[in-house]
Amino acid sequence: MELVFVLEQVLNGLLIGAYYLLIALGLSLIFSLGGIVNLAHGAFYAIGAYLAVALTPTIGFGGALVVSPVAVALLGLLVERFMLRRFYRGDPILSLLLTFGLAMVAEQALRMVFGAAPLPFSIPLWLRGQVFIGDFIYSKYRLIILGVAVLCVAGLWLLLTRTPFGRVVRAGVQNPDMVAALGISLKPYMTAVVMIAVGLAALAGTMMAPVTGVTPTMGAEILTFAFVVVVIGGLGSFWGVVVAALIVGVVRGLAAYYFPPATEASVYLLMVLVLLLRPRGLLGERIQRFE
């Protein structure tokens, strides 16, 4: 029976790691290509969740799962085109202040529109139920979230490694000057990267809304852990972020089971240990800024 409980906590940890991963991959891509630390990334996660709450009564949860990430991706296009693009060559502190301000504006806007109180949002009836494997019982919806996360990671990996778009993005991360010398502008690629990144964040918000609840501060809460995942995994490393998200999730899940008061502290302790041994993160690479 003890093994069953441990396995359940490991799966819960993988679930946590899955939605950390969807947010952290976007953060890593935006910084690697554009040199921008996007403090507003958590806000897109929250907006995705609130859109799901607003759209579900009209088009159902399945429709919201598609429409919400697409709508937030289009919002990301506007933000990149009219705000972020101005700061690619500027002092990084300027983009940091800009995205921090965007995060504050988004949080207050959600409070004004939806109120400060948490919104009720439950798992749809057609996704409820349990999976039984011997003595092991687990939520069907949580397993679906894990499956969707795996598909998203696989799709993003194929996009970055098996398409012309991905080759330009990877070249832009490693050597933007060479890409410019070939006459390729990275600006439209950066727009696409931002759209993909914020769309993934919104997808995570939509899927996790019935599990974690919907509040105006949910974006700020998740952003801290997403940054921890990026730091542990290493900037510029796709698989580093993937591995770090899974490790962070499992560590947090096991800490919640064996020593609940140290649940959050365990994540920061893990980060300290990794940085002491590998200052660039698990699989971090040396990267150049997009000019």
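**Entry 1: Ser266.** I looked up Ser266 and found it in helix α10 (residues 263-277); helices here are DSSP runs of H or I with at least four residues, strands are runs of E with at least two, and both are numbered from the N terminus. The model is a predicted one, in which local features need pLDDT of at least 70 and side-chain atom pairs count only at pLDDT 80 or more, while totals for chains, interfaces and linings use all residues. Residues are numbered from 1 along each chain as its sequence is written, and side-chain values use heavy atoms, with hydrogens and water left out.

Is Ser266 buried or exposed? I noted that Ser266 is buried because its relative accessible area is 13%; buried means under 20%, exposed over 50%, and partly exposed in between, with a 1.4 Å probe and protein chains only. Apart from neighbours within four places in sequence, Ser266 is in contact with Val251, Arg252 and Ala255, where contact means heavy atoms within 4.5 Å.

**Entry 2: Ile144.** I then turned to Ile144, which sits in helix α4 (residues 140-162). Ile144 has a relative accessible area of 34%, so I recorded this residue as partly exposed. I also checked Ile144 against Met207: the two are 63 residues apart in sequence, and their C-alpha atoms are 9.4 Å apart in space.

Which residues of α3 are buried? I listed Ser95, Thr99, Ala103, Ala106, Glu107 and Leu110. An α-helix has 3.6 residues a turn, so residues three or four places apart point the same way. The buried residues of α3 pack against α2 (41-82) and α8 (218-233). Just after α3, I found Gly115 with a positive phi of about 90°.

**Entry 3: the whole chain.** I counted 10 helices and two strands, in the order α-α-α-β-β-α-α-α-α-α-α-α along the sequence. For 291 residues, a compact globule would have a radius of gyration near 19 Å, and the chain agrees, with 19 Å; the radius is taken over C-alpha atoms, and the globule rule is 2.2 Å times the number of residues to the power 0.38. The C-alpha trace spans about 60 × 45 × 35 Å along its principal axes. I finally noted that 47% of the 291 residues count as buried.
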